[in-house]
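Please look over the sequence and the structure shown here before reading on. The briefing is meant for a reader who has not seen them before.

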Amino acid sequence: MVKVSVIMAVYNGEDYLCEAVNSILGQTYREFEFLIVNDGSTDRTKELLDQITDTRVSVIHLKKNAGAAAALNRGIKSSTGKWIAIQDADDISVPTRLEEQVRYVEEQPLLVGVGSLVDCIPGVGASDRKRIKAEEDGANRLRKREEIFLKRFYGCSLTHGSMLFSKKVYTLAGGYNPFYKIAYDYDLWLRMMEYGDIEKLDKTLYQWRVNINSLSRSNYVQTCNEVLLASISAIERMLYKHLRRPPIFSIIGPKKGLKHFHSNVLPLLNISIESYLPIKADLNSMVSKHNQGNIDAIIILDSISYHSRRAIEFLNGKGLNMNIHHFLIWNVVN
């Protein structure tokens, strides 16, 4: 049997911690170790973890909060399994999760990771069933590896806690980047997809708790900034491999979005921008610049869907292909 290392990073997770831990200890797949990193918690998390007697569990207590990415890297560094399974500290894995995911990756040698469909369950401040259902529909919208890969630059379609991934490829990709406070998982998946495929089992194997106060939901602008940074960095890497030089971009978007990008995201990127153009403008000049070799690719900051669709259709009609010559990126500043 393939050994799996289940990794959990927890910070002040006393409310749901025991339920999350027990969902792993009750797995039908038995060949696993469970490493839990207490990321400097100040509530009863340490006390609860110290009460665990199951020998499959190893607990690492960090004295200071290091952030989720660093805590996960610390746990994986101490792991011995070939595959890494993530378990978030407020979520629940169904009993057959590991068994079904391990079986699937063994049958699919091109996969570097596999997630699953999720059920969303209420957490702190989340009692609106419509909101929870919307989160669930969003998490489950993409399933097959082809569509996940095609839309990989538009944001994260993979629920972090549902993922099982290759430790070897995680290492090749450089692990989680602690710079990211929110999109650390999305950044990792983009880098791992440079080595192989990721998809989801068409089964609900994970219950994802919706907490309104989580970082990703309480600050959509910061989440968007990190998604922009991760996605455009991945595009830059891809084009650099093809061009053998740093690519030159033009940016299309809503006026507020362009201004926000220039002030808040561009300083964190090591890329060259030739020009900016409002998304409602005539795009012929940008096409000409591309055809003349003055720019290598066009970034479309998504705005009102009509204008984004219009831009994509126009560029496609001019012979510029999605994810080769132009890229649609998630944007919330309109």
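Predicted model: local features only at pLDDT ≥ 70, side-chain atom pairs only at ≥ 80, totals over all residues.

Residues are numbered from 1 along each chain as its sequence is written, and side-chain values use heavy atoms, with hydrogens and water left out. Helices (H or I, at least four residues) and strands (E, at least two) are DSSP runs, numbered from the N terminus.

**Strands and sheet**

- Eight strands make up an open sheet with mixed pairing, in the order β3-β2-β1-β4-β7-β6-β8-β5; two strands count as paired if DSSP finds at least two bridges between them.
- At the edges stand β3 (57-62) and β5 (92-93), each with a single partner strand, so one side of each has no neighbour in the sheet.
- Strand β6 (residues 111-122) pairs with β7 in the antiparallel sense over two bridges, and Val-114 has Leu-164 in β7 as its bridge partner.
- Strand β11 (residues 297-301) pairs with β12 in the parallel sense over four bridges, and the bridge partner of Ile-300 in β12 is Leu-328.
- In a regular strand the side chains alternate between the two faces of the sheet.
- From β12, His-326 and Leu-328 point one way while Phe-327 and Ile-329 point the other way, and all are buried; buried means under 20% relative accessible area, exposed over 50%, and partly exposed in between, with a 1.4 Å probe and protein chains only.

**Aromatic pairs and charges over rings**

- The structure holds six aromatic pairs, where rings of Phe, Tyr and Trp (its six-membered ring) pair if their centres lie within 6.5 Å, and planes under 30 degrees apart count as stacked, over 60 as edge-to-face and the rest as tilted.
- The pair of Phe-153 and Phe-327 is edge-to-face, because the ring centres are 5.6 Å apart and the planes stand at 80°.
- Phe-153 lies in the loop between α6 (145-150) and β7 (164-166) and Phe-327 in strand β12 (residues 326-329), so this pair ties together parts that are 174 residues apart in sequence.
- Phe-153 counts as buried at 3% relative accessibility, and Phe-327 counts as buried at 0%.
- Phe-165 and Trp-189 also form an edge-to-face aromatic pair, with 5.5 Å from centre to centre and 65° between the planes.
- This pair links distant parts of the chain, since Phe-165 is in strand β7 and Trp-189 is in helix α8 (residues 184-192), 24 residues apart.
- The charged end of Arg-152 sits over the ring of Phe-149, 3.7 Å from its centre, and the charged end of Arg-209 sits over the ring of Tyr-16, 3.7 Å from its centre; the rule asks for NZ of Lys or CZ of Arg within 6 Å of the ring centre and within 35 degrees of the ring normal.

**Nonpolar cores**

- A nonpolar core is a set of buried Ala, Val, Leu, Ile, Met, Phe, Trp, Tyr and Cys residues joined through side-chain atoms within 4.5 Å.
- The largest such core has 50 residues, of which Phe-165, Tyr-176, Trp-189, Met-192, Phe-261 and Ile-299 touch the most other members.
- The largest share of this core, nine residues, comes from α10.
- A second, separate core of 29 residues includes Val-2, Val-57, Ala-89 and Val-114.
- Leaving aside residues up to four places away in sequence, Trp-189 touches Cys-156, Leu-158, His-160, Met-163, Phe-165, Tyr-176 and Ile-198, contact being heavy atoms within 4.5 Å.

**Helices**

- Helix α10 (residues 220-243) has 24 residues and should span 34 Å at 1.5 Å a residue, which agrees with its end C-alpha atoms being 34 Å apart; the expected span is 1.5 Å times one less than the number of residues.
- His-307 is in helix α13 and is buried, with a relative accessible area of 15%.

**Positive phi values**

- Most residues other than glycine have a negative phi.
- Asn-12 has a positive phi near 50°, lies in the loop between β1 (4-10) and α1 (17-25), and is partly exposed at a relative accessible area of 30%.
- Asn-323 has a positive phi near 65°, lies in the loop between α13 (305-317) and β12, and counts as buried at 11% relative accessibility.
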